[in-house]
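Hi there,

I'm passing along the structure we talked about. Have a look, and my notes follow below.

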Amino acid sequence: MSSPTQLPPSITTPPPPVLHTLVSFPRPHILLVTLNRPQQLNAIPRPQHFALERLWDWFDAENSLRVAVITGAGRAFCAGADLKEWDDINSSSPSSSSSSAQKAVGDTEEQRQRAKRFPAGGFGGMSNRGGLKPIIAAVNGPCFGGGMEMAINCDLVVAAAGAKFGLPEVTIGVIALAGALPRLVRSVGRQRAAEMALSGKTYGAREMLAWGLVNEVVEGGGKGGGNEAVVEAALKWAQRIAGNSPDSVIVSREGLKLGWEGVGPEQGTDMLLKGWYRQIEKGENAVEGVRSFVERRKPVWKDSKL
């Protein structure tokens, strides 16, 4: 379950419990999520995906929270799926049909989740997540398979210099099916995406920086579990974002998603102006931002109500 932690006074509801996950609030308006199966390199079993999706939904709904950071305990960020669990499921299920498994009478919720593989939000509840607020990955070590799929869909990625990245699915006869492949093409182009997805090659943090999949490389950590430096760097980015108008961050992110999702720039801009922007242009944060500039003072933002 999530580890017990002191809730800030601004939090109105407690976070949902999440298996093998630590939840904390290291700075105002910031959620820190730490995957906590270090002996398994933070590989994620199927029920944990669904619990993490509930956590991200809670994060989006909690007005006082503005940015999240996700990292891993120990020497890995996330090694991907729990392959032992996967093998056990293959061995115990005579039929590969997930629909028939879901219809079995008397199945527990956990059994149904094991059969379904992922929630709508994908691996870790976030590799296929649209979501409302930004998530930053603090990649402290190996980031493979589903872990890589999560990183690809994060808004920013901060990596330890010794971190390793890859999509090794093809080397074990499966594919990256939780949302990474179409996003990878849009991020790095067809040829580089094909290199990563079809070869199963492992890459270093600086190569991923050059490819544009990593925003910052931090010295320290990545091999022996010294994670403080990369988490601190990610928290600095989170603080910088959280210090801006929460409404503007949410709507700017929506605009970026329109391009990410393949909407043309004219249509995307029109959708943004007629939809999201109309919700904030006369709102208290927009008024405060302009007024604080005129009065030459630091703005005092209100929690977003979007």
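Here is what turned up on cavities and on backbone angles.

Please keep in mind that this is a predicted model.

First, the cavities. Searching the whole structure gives 2 cavities of 30 Å³ or more. The largest cavity holds about 50 Å³ of space. Its lining is made up of Asn 63, Leu 65, Arg 66, Lys 133, Pro 134, Pro 246, Val 249, Ile 250 and Ser 304. By class, that lining splits into 5 nonpolar, 2 polar and 2 charged residues.

For the second largest cavity, the volume comes to about 30 Å³. Around this one you will find Met 126, Arg 129, Ile 135, Asn 153, Cys 154, Asp 155 and Arg 253. Here the lining has 3 nonpolar, 1 polar and 3 charged residues.

Now the backbone. As a rule, most residues other than glycine have a negative phi. Two residues are worth a look with that in mind. His 29, which is not a glycine, has a positive phi of about 70°. You can find His 29 in the loop that runs between strand 1 (21–24) and strand 2 (30–35).

Methods:
Residues are numbered from 1 along each chain as its sequence is written. This is a predicted model: local features need pLDDT of at least 70, side-chain atom pairs count only at pLDDT 80 or more; totals for chains, interfaces and linings use all residues. Side-chain values use heavy atoms; hydrogens and water are left out. On a 1 Å grid over the protein atoms alone, a cavity is a set of points where a 1.4 Å probe fits but cannot get out, and a pocket is an open set with protein on both sides within 12 Å along at least five of seven lines; lining residues have an atom within 4 Å of a point. Grid points are joined across faces, edges and corners, and a volume is the space filled by probe spheres set on the points. Ala, Val, Leu, Ile, Met, Phe, Trp, Tyr, Cys and Pro count as nonpolar, Asp, Glu, Lys and Arg as charged, and the others, Gly among them, as polar. Helices (H or I, at least four residues) and strands (E, at least two) are DSSP runs, numbered from the N terminus.
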